[in-house]
Amino acid sequence: MIEPFANNHQSMQIGDLVIENQTDKVVIYGDIDLQLNTIGYEQAQQLHALSGRILQAFTEHPDYSKNDALSKDNSDATDETIDNPFL
């Protein structure tokens, strides 16, 4: 289990869902199929525990709303517009 917002090098996977830790954000991508079986139950428990840890990190850092500009500055998206090579 990752420690949300603690560092820039932790990651974990639940099914095909990838969770990457950064100091200013937690990136979640991929997909997961929660089947009604033992594996699905275990994955649901992991998701529940992860979301609880993320929410706990927010309550431990109540000044998180002051970091809005910082998170936008560290966005992975560029502001550069490029031509579509497929047109």
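This note goes through a predicted model point by point, from the overall fold to single residues.

1. Basis of the values. Because the model is predicted, local features need pLDDT of at least 70 and side-chain atom pairs count only at pLDDT 80 or more, while totals for chains, interfaces and linings use all residues. Residues are numbered from 1 along each chain as its sequence is written, and side-chain values use heavy atoms, with hydrogens and water left out.

2. Overall make-up. The protein has two helices and three strands, and from the N terminus on its elements follow the order β-β-β-α-α; helices (H or I, at least four residues) and strands (E, at least two) are DSSP runs, numbered from the N terminus. Of the 87 residues, 21% are buried, where buried means under 20% relative accessible area, exposed means over 50%, and partly exposed lies in between (1.4 Å probe, protein chains only). The protein exposes about 6900 Å², of which carbon and sulfur atoms supply 51%; accessible areas come from the Shrake-Rupley method with a 1.4 Å probe, and for residues only the protein chains shown count as cover. Among the contacts with a separation of 6 or more, 31% come from residues 24 or more positions apart, a contact being heavy atoms within 4.5 Å.

3. The sheet. The three strands form an open sheet in the order E1-E2-E3 with antiparallel pairing, and two strands are taken to pair if DSSP finds at least two bridges between them. Strand E1 (11-14) and strand E3 (26-31) are the edge strands, each pairing on one side only. From one strand to the next the twist averages 15°, with axes as lines fitted to C-alpha atoms, for helices over the stretch in contact, and angles running from 0 to 180 degrees between N-to-C directions.

4. Pairing of E1 with E2. These two strands run antiparallel and are joined by four bridges, and Gln 13 has Val 18 in E2 as its bridge partner. The hairpin of E1 and E2 has one residue between the strands, and in this hairpin Gly 15 takes a positive phi near 60°.

5. Pairing of E2 with E3.

6. Helix H1 (residues 38-60) lies across E1, E2 and E3, and runs at about 145° to E1. In the loop between E3 and H1 sits Leu 34, which is partly exposed with a relative accessible area of 46%. Leaving aside neighbours within four places in sequence, Leu 34 is in contact with Gly 40, Gln 43, Ala 44 and Leu 47; the C-alpha atoms of Leu 34 and Ala 44, which are 10 residues apart along the chain, are separated by 7.0 Å.

7. The aromatic pair. The structure holds one aromatic pair. The ring centres of Phe 5 and Phe 58 are 5.4 Å apart and the planes stand at 75°, so the pair is edge-to-face; the rings of Phe, Tyr and Trp (its six-membered ring) pair if their centres lie within 6.5 Å, with planes under 30 degrees apart counted as stacked, over 60 as edge-to-face and the rest as tilted. The pair links distant parts of the chain, since Phe 5 is in the segment before E1 and Phe 58 is in helix H1, 53 residues apart. Phe 5 counts as partly exposed at 23% relative accessibility, and Phe 58 likewise counts as partly exposed at 30%.

8. Asn 7. This residue is found in the segment before E1 and is buried, with a relative accessible area of 15%. The side chain of Asn 7 reaches the backbone nitrogen of Gln 10 at 3.1 Å, and a polar contact of 3.4 Å joins the side chains of Asn 7 and Asn 21. A polar contact is a pair of N or O atoms within 3.5 Å; within protein, one must be able to donate a hydrogen and the other to accept it, and residues adjacent in sequence count only if both atoms are side-chain atoms. Not counting residues up to four places away in sequence, Asn 7 touches Asn 21, Gln 22 and Thr 23.
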